[in-house]
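Please have the viewer open as you read.

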Amino acid sequence: MIISAINQRVTNKRLGITVMSATLSIFLTACSTLPTTGAAHKATSSLTSNPLIAEMPVIDRQGSIAYVEEQGAGAAKISTLYSIRPDGSDRQLIEQLNGYIYAPAWSTDGQLLAYSKQIPRQSPKIYIYDRNSKTNNLVVNANGSNLSASFSPDGQKMLYSSTVIGNADIYEMRLKDGSTTQLTTLPSTEVQPSYAADGKSFVYVSDKVRAGRPRIYRYDFASGNATKISTGGYAASPQLSFDGTRMAYLNGRQAAVMTLSTGQVVNLAETGLDEPARLSPSGSYAVYPTRNMQGSAQKGGSLVIRSLSGGTSYTISSKAGGVVRSPTWGR
């Protein structure tokens, strides 16, 4: 399966993982669907009609969710990167291209959005979108696949994975001058880094114990050592909450959230896309994509936003009926 939506399509052959389609099976309560329009007055309406949104902390409600919507297949693939408010309003186009867009990730302050894009006959490269200037800047153009960007808490550095030397390893870049440091050097596959909020460590995925069986590790900057996080089986695409108490990830075929102090896991859903959940800024909510089903056919996709206390949820429909991937919730 993937190692996120990114590595699902770029590195899963190396990991020897077969991607299978799954039937969407979500049993949630208090579920409502928000309109697809981005009109500002709809946001006010949804706040009064959807109790889950009204109860959200301000830091979540005023944040933005970036996600990718895909249309077509193969050489005709069109990928569009959007941002949208958690109430379904203010959907904004960030970029659209013939090709693939992978794993957007917000900076801590919510002003910058890093993501990889791949156009036909080229490898993925990493760009940063600036919300203030509305500009996209190429920041990683190394040979090979460059994926899974993650901003440091202070916004001065960025982690990412790259196959620039032939094997997928994790690098850290100083954004000021572009200087890079290679952090992993194993012959296995190391991908999907994500900083902890204190900047002292990061989580990532490796198949170093057994090829094709990814596990999640935490790398400590001070010691340079990595320790495995006990997840019990196939695990990928980790993201730590801002307070460091929870980790969203892909648990087998389930979008899941773990409480790190106890190891308790809440499996949210099989999404039909093998995509992980991503946590809200407060860590109290999760967002993940699903494929909409009509009979036996797949008809577009939606974002599901779910409370981690009580399990209530609601959905936001795709803009143009495409497949929805890689949501990430920023401030």
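Ser 64, Ser 83, Ile 84, Arg 85, Asp 90, Gln 92 and Arg 131 line the largest cavity. On a 1 Å grid over the protein atoms alone, a cavity is a set of points where a 1.4 Å probe fits but cannot get out, and lining residues have an atom within 4 Å of a point. The volume of this largest cavity is about 30 Å³, and the count by this rule is 1 cavity of 30 Å³ or more. Grid points are joined across faces, edges and corners, and the volume is the space filled by probe spheres set on the points.

## How to read the values

This is a predicted model, in which local features need pLDDT of at least 70 and side-chain atom pairs count only at pLDDT 80 or more, while totals for chains, interfaces and linings use all residues. Residues are numbered from 1 along each chain as its sequence is written, and side-chain values use heavy atoms, with hydrogens and water left out.

The largest nonpolar core has 16 residues, of which Ile 216, Ile 229, Met 247 and Tyr 249 touch the most other members. Such a core is a set of buried Ala, Val, Leu, Ile, Met, Phe, Trp, Tyr and Cys residues joined through side-chain atoms within 4.5 Å, where buried means under 20% relative accessible area (1.4 Å probe, protein chains only). At least two residues of this core come from each of strand 14 (201–206), strand 17 (235–240), strand 18 (246–251) and strand 19 (254–259). Strands here are DSSP runs (E, at least two residues), numbered from the N terminus. Apart from this core lies another, of 15 residues, among them Ile 65, Tyr 82, Val 287 and Ile 316.

Which residues does Met 247 contact, leaving aside its neighbours within four places in sequence? With contact meaning heavy atoms within 4.5 Å, the partners of Met 247 include Ile 216, Ile 229, Pro 238 and Leu 260.

An open sheet of 4 strands runs in the order 13-14-15-16 with antiparallel pairing; two strands pair if DSSP finds at least two bridges between them. Strand 13 (190–195) and strand 16 (226–228) are at the edges with a single partner strand each, so one side of each is left without a neighbour in the sheet.

Strand 14 pairs with strand 15 (residues 215–220) over 6 bridges. Along this pairing, Val 205 stands opposite Ile 216, and Ser 206 opposite Arg 215. Strand 15 is joined to strand 16 by 3 bridges, with Tyr 219 partnered by Ala 226. These two strands form a hairpin with 5 residues between them, and Gly 224 in the turn has a positive phi of about 75°.

Terms used. Buried < 20%, exposed > 50% of the residue type's maximum accessible area, 1.4 Å probe, protein only. 1 Å grid on protein atoms, 1.4 Å probe; cavity = no way out; pocket = protein on both sides within 12 Å on 5 of 7 lines; lining within 4 Å.
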